[in-house]
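Please keep the sequence and the structure open while reading.

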Amino acid sequence: MTSLTAKDKDRVKTFWAKVSGKVEDIGSEAMARMLIVYPQTKTYFAHWKDVSPFSPSAKKHGITVMGGVAFAVTKIDDLKAGLLNLSELHAFTLRVDPANFKIMSHCIMVVMANMFPEDFTPQIHVAMDKFLSALALALAEKYR
Amino acid sequence: MVEWTDFERATIADIFSKMEYEVIGPAALSRCLVVYPWTQRYFGNFGNLYNAAAIIGNPLVAKHGTTILHGLDRAVKNMDNIKSEYAELSVLHSEKLHVDPDNFKLLSDCLTIVVSAKLGKEFNGEVQAAFQKFLAVVVNSLGRQYH
């Protein structure tokens, strides 16, 4: 996959500024959708008392994940270096199959389109898709 | 045979009963051509696709987007036989159009996002699941006759 152009980064940062007030809502909504639409993802959360999409655990986790994305926006100029610790966490402790990063990215974007229909234009969509793909790649860096 | 719940049948029927084909179709196809630019390979004779604005404003793209979206109607009308409904179209896409079937998934992801933007709150997790399941079945049927 290609790296992010200056325009891509600009678009991501601009859109992020617009949605920054709703980041937690986006996170918990994306998490819920992922558990509903892709039930196989529930296998990672068997340790939760309640794996239902709108449970307190799911909500909290969506917020955590989205916090990670927000952090990645601040590291957009060097995702590999910036996400080193998170990559180690996902590689050695969590061991989430990277295919799921794509699934989560899709759910995040469905929610962004849903909550910000006027702002999630095709141009913003492609920049965000590239960013989330680059993020996933950086996250998988330490896997093998 | 695909099993559909009552909820899934009702959801698909509802979404398509109020579908604005001339808005959603063009929006989905143009978004696909912008977000996944390699898909432009199939539209060499569509004229100006040089940038996002050109793609979004292109009347041939708009017309074709509407055509594609209407292509889903036969699946909506016959959800229990989608595979046979699309056998001919599958051959067409393989033998004549030479479309890589991976592209069907890309377009259906864009359609999901466009419909999500249009329906807002109504497009909740369960509705999304039904819609994506429906599209997955169509996509699978369209790829069936490739060899």
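The model is predicted. Arg31(B) is buried and has no salt bridge. Chain B and chain A share no salt bridge either, the count being zero. Over all chains, the whole structure holds 13 salt bridges.

**Arg31(B): a buried charge**

- Arg31(B) sits in helix α2 of chain B, which runs over residues 21–35.
- Which side chain of opposite charge is nearest to Arg31(B)? That side chain is Glu118(A), and it is 9.3 Å away.
- A salt bridge needs a side-chain nitrogen of Lys or Arg within 4 Å of a carboxyl oxygen of Asp or Glu. At 9.3 Å, Glu118(A) gives Arg31(B) no such partner.
- Arg31(B) does have a backbone oxygen close by: that of Phe120(A) lies 2.8 Å from a polar atom of the Arg31(B) side chain.
- Beyond its neighbours within four places in sequence, Arg31(B) is in contact with residues of both chains.

**The interface between chain B and chain A**

- The contact involves 21 residues of chain B and 18 residues of chain A.
- About 1700 Å² of area is buried between the two chains, and carbon and sulfur atoms give 59% of this area.
- How many residue pairs are in polar contact between chain B and chain A? There are nine, with both residues at pLDDT 80 or more.
- On the side of chain B that touches chain A, at least two residues each come from α2, α3 (52–57), α8 (102–119) and α9 (125–143) of chain B.
- Helix α8(B) gives the most to this side, with six residues.
- By class, this side of chain B has ten nonpolar, seven polar and four charged residues.

**Salt bridges within the chains**

- Side chains of opposite charge can pair when their charged atoms come close.
- In chain A, Lys22(A) forms a salt bridge with Asp25(A), with the closest N and O atoms 3.9 Å apart.
- Lys22(A) is partly exposed because its relative accessibility is 39%. Asp25(A) is partly exposed too, at 40%.
- In chain B, Glu8(B) pairs with Lys133(B) in a salt bridge, and their closest N and O atoms are 3.0 Å apart.
- This pair links distant parts of the chain: Glu8(B) belongs to helix α1 (residues 6–17) and Lys133(B) to helix α9, 125 residues apart.
- Glu8(B) counts as buried because its relative accessibility is 13%, and buried means under 20%. Lys133(B) is partly exposed, at 28%.

**A network in chain B**

- Glu122(B) and Lys18(B) meet in a salt bridge, with an N to O distance of 2.7 Å.
- Where does each partner lie? Glu122(B) is in the loop between α8 and α9, and Lys18(B) is in the loop between α1 and α2. They are 104 residues apart in the chain.
- Glu122(B) is partly exposed, with a relative accessible area of 38%. Lys18(B) is also partly exposed, at 40% relative accessibility.
- Salt bridges with shared partners join Asp14(B), Lys18(B) and Glu122(B) into one network.

Terms used
Residues are numbered from 1 along each chain as its sequence is written. Chains are lettered from A and ligands numbered from 1 in the order in which they are written. This is a predicted model: local features need pLDDT of at least 70, side-chain atom pairs count only at pLDDT 80 or more; totals for chains, interfaces and linings use all residues. Side-chain values use heavy atoms; hydrogens and water are left out. Helices (H or I, at least four residues) and strands (E, at least two) are DSSP runs, numbered from the N terminus. Buried means under 20% relative accessible area, exposed over 50%, partly exposed in between (1.4 Å probe, protein chains only). Lys and Arg count as positive and Asp and Glu as negative; His and the chain ends are not counted. A polar contact is a pair of N or O atoms within 3.5 Å; within protein, one must be able to donate a hydrogen and the other to accept it, and residues adjacent in sequence count only if both atoms are side-chain atoms. Contact means heavy atoms within 4.5 Å. Buried area is the accessible area (1.4 Å probe) that two parts lose on being put together, summed over both. Ala, Val, Leu, Ile, Met, Phe, Trp, Tyr, Cys and Pro count as nonpolar, Asp, Glu, Lys and Arg as charged, and the others, Gly among them, as polar.
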